[in-house]
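Subject: Structure for your study

Dear colleague,

Please find below the structure that I am handing over to you.

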Amino acid sequence: MEKKPIEVTGATEPFLTYEEDGITYYEFDSSLCTPPAPMVNAMSGLKLIDTPDKRLIMINMKQPMGLFPKIEKDFSWRVEELEDEKVKLTFSRKSEGDTQTDFDNNQCNG
C-alpha cells in the first residue's frame, strides 16, 4: 500500500491518502499538536468522508472528547489504543447525503 500526500483545505497538518480493500483512507497525525489544531484538522478531514467507502484516520494523544458531540449525528468512530499511549481513531459516515455537522465549528470548548 502506497500512501500519497494530499492537499486538504483548512488543514494545518499533512494528510496522506491510500486505498485498501476498496476503501479510501485519509490519514493525519495530530499527536504533537496543541489545541485547537487536532479539532481543526479533524473537521477538515471529515469533509472528505462523503460516502460509505471512505474513512478518516486520526492519530492523537488522547480521544478528542470535544469533537464527538459535534459530529455524532453524521459520523461513527472506532478508537484503538496504540502502544505509545496515543490513540488511533477511524471515522466513517453513517449515511450518504446531506450532513448536519457544522464543519466550521472547529474550536475546542474545554
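The model is predicted, so local features need pLDDT of at least 70 and side-chain atom pairs count only at pLDDT 80 or more, while totals for chains, interfaces and linings use all residues. Residues are numbered from 1 along each chain as its sequence is written, and side-chain values use heavy atoms, with hydrogens and water left out.

The sheet

Helices (H or I, at least four residues) and strands (E, at least two) are DSSP runs, numbered from the N terminus. Two strands are said to pair if DSSP finds at least two bridges between them.

E1 pairs with strand E2 (residues 15-20) in the antiparallel sense, over three bridges. Within this pairing, Ile6 has Phe15 of E2 as its bridge partner, and Pro5 has Leu16 of E2. E2 also pairs with E3 in the antiparallel sense, over six bridges. Phe15 has a bridge partner in E3 as well, namely Phe28. E2 and E3 form a hairpin with two residues between them, and Asp21 in the turn has a positive phi of about 55°.

The helix across the sheet

In what follows, buried means under 20% relative accessible area, exposed over 50%, and partly exposed in between (1.4 Å probe, protein chains only). Ten of the ten residues of H1 are buried, so this helix is largely enclosed by the rest of the structure. Among them are Ala37, Met39, Met43 and Leu46. The cover over the buried residues of H1 includes E2, E3, E4, helix H2 (68-71), E5 and E6.

Salt bridges

How many salt bridges does a search of the whole structure find? The search finds three, where a salt bridge is a side-chain nitrogen of Lys or Arg within 4 Å of a carboxyl oxygen of Asp or Glu.

One of them joins the side chains of Lys3 and Glu27 (3.0 Å, N to O). Lys3 lies in the segment before E1 and Glu27 in strand E3, so the pair ties together parts that are 24 residues apart in sequence. Lys3 is partly exposed, at 37% relative accessibility, whereas Glu27 is buried, at 15%.

Another salt bridge joins the side chains of Asp84 and Lys86 (3.8 Å, N to O). Asp84 counts as partly exposed at 45% relative accessibility, and Lys86 as buried with a relative accessible area of 18%.

A further salt bridge joins Lys54 and Asp50 through their side chains (2.9 Å, N to O). Lys54 is buried, with a relative accessible area of 19%.

Two residues to look at

Asp50 lies in the loop between helix H1 (37-46) and strand E4 (54-60). Is Asp50 buried or partly exposed? At 36% relative accessibility, Asp50 counts as partly exposed. Contact means heavy atoms within 4.5 Å. Apart from its neighbours within four places in sequence, Asp50 is in contact with Arg93 and Glu96.

Asn60 lies in strand E4 and is buried, with a relative accessible area of 7%. Its side chain is joined to that of Ser30 by a polar contact of 2.9 Å. A polar contact is a pair of N or O atoms within 3.5 Å; within protein, one must be able to donate a hydrogen and the other to accept it, and residues adjacent in sequence count only if both atoms are side-chain atoms. Leaving aside neighbours within four places in sequence, the contacts of Asn60 include Pro38, Lys86 and Leu89.

Yours sincerely,
A colleague
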